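Let's take a walk through a protein model together. Keep the picture open while you read, and find each residue as it comes up.

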Amino acid sequence: MLFCACLVSTAAGAAPAEAVPESLQNKVRADFKAGRAAEAAALLQQEAGRGNYEAQYGLGVLYEKGLPEAKISQDDSQAFHWYGLSAQNGYAPSQNNLGFLYYIGRGVTKNESEALRWYEKAAQQGNAMAQCNLGAMYFHGHGVAKDAKKAFEIYKQSAEQGNVTAENNLGFMYEHGLGVHRDFKEAVRWYERAAKSGQDYAERNLAEMYEYGVGARRNYAHALAWYKKAAAQGHAHAQMKLGRLYEHGWGAPKDLVEAYAWYWAASERGNTKAKESLARLEHQLSPAQIAEARNRVSRFVTEKQP
């Protein structure tokens, strides 16, 4: 099964005591929606300079991502500056994002201990993304000693708020007995929660539970359906497994052209097992069938960045 790291920044969170007035928030949103990015950015800059925590956070997001239409270049040091001002005044989303910049060393020297400190501050306020990031720190032993039990407890807090990465990782920990007693049925339950929200790792993991009958009765049709959802997002391992099901006729009628299509998609993303399977099927298909397979997969695969 696959575990997926959190350790990302977030774009939303609870409002602090001294937030941007709702009327201004609506104006900023309306400007962005109407394509008036420069006006929206100017409002954020104005309010950020006045000490509004949400505006400082919003400006940090703009600098972290960059907004050419508002003449804001991507600038990690500026993102760090504005997140820092907001975070120091207790705004959890900014604390999380500041932790992220410390963790990867963008706009500031990489410092996992500082990342941990800011994730903890945000997590204590109930920020689900920060909880997920903090869980990952304890799981991997980054900035702190490895502690699977602690990681499990923190992931659960995040997962119970609906963070899909935490839900998947909680399923992984239940499946492998990491920080908690092994429980395959609980693993399936958490994988399913995340998978229903479109989390590709969870879709792949849930499919594998159904394929092998672990924590749920073996059901190739269910496995195929979940592999297909992950595969359509560009998940290479799921694409390879989907090809395998079609090749053997498990969960759907045997279809070597369809199998080749998914093996080809997975091989394009570097999956070595898929490359081996392609070589085997090439001797069983005509050039026309191979061309059809490649054309077919190009129509229903959404490119997903690694």
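Predicted model: local features only at pLDDT ≥ 70, side-chain atom pairs only at ≥ 80, totals over all residues.

Residues are numbered from 1 along each chain as its sequence is written, and side-chain values use heavy atoms, with hydrogens and water left out.

Let's begin with helices. Two packed helices are described by the angle between their axes and the distance between the axes. Helices here are DSSP runs (H or I, at least four residues), numbered from the N terminus. Axes are lines fitted to C-alpha atoms, for helices over the stretch in contact, and angles run from 0 to 180 degrees between N-to-C directions.

Find helix α5 at residues 92-104 and helix α6 at residues 112-124: their axes come within 8 Å and cross at roughly 165°. That's why α5 and α6 are called roughly antiparallel (the label for angles over 145 degrees). The crossing of α5 over α6 is left-handed, meaning that the near helix is turned anticlockwise from the far one by less than a right angle. Which residues of α5 and α6 meet? On the α5 side they include Leu-98, Phe-100 and Tyr-103, and on the α6 side Trp-118 and Tyr-119 are among them; contact means heavy atoms within 4.5 Å. Sorted by class, the contact of α5 with α6 has nine nonpolar, three polar and three charged residues. In this sorting, Ala, Val, Leu, Ile, Met, Phe, Trp, Tyr, Cys and Pro are nonpolar, Asp, Glu, Lys and Arg are charged, and the others, Gly among them, are polar.

Now move along to helix α7 (residues 128-140) and helix α8 (residues 148-159), which pack at an angle of about 165° with their axes 8 Å apart. That makes α7 roughly antiparallel to α8. Their contact includes Leu-134 and Phe-139 of α7, along with Ile-154 and Tyr-155 of α8. By class, this contact of α7 with α8 has nine nonpolar, four polar and one charged residues. The crossing of α7 past α8 is left-handed.

Next come the salt bridges. Each one is a side-chain nitrogen of Lys or Arg within 4 Å of a carboxyl oxygen of Asp or Glu, and the count comes to 19. Take Asp-31 and Lys-27, whose side chains meet at 2.7 Å, N to O. These two are four residues apart in helix α1 (residues 22-33), so about one helical turn separates Asp-31 from Lys-27. Is Asp-31 buried or exposed? Asp-31 is buried, at 0% relative accessible area, while Lys-27 is partly exposed at 37%. Buried means under 20%, exposed over 50%, and partly exposed in between (1.4 Å probe, protein chains only).

Other bridges reach further along the chain. Arg-280 pairs with Glu-247, with the closest N and O atoms 2.8 Å apart. Arg-280 sits in helix α15 and Glu-247 in helix α13, so this pair ties together parts that are 33 residues apart in sequence. Glu-247 is buried at 9%, and Arg-280 is partly exposed at 37%.

Finally, look for a network of salt bridges that links Arg-204, Glu-208, Glu-211, Lys-241 and Arg-244.

Terms used:
Parallel < 35°, antiparallel > 145°, perpendicular 65-115°, else oblique.
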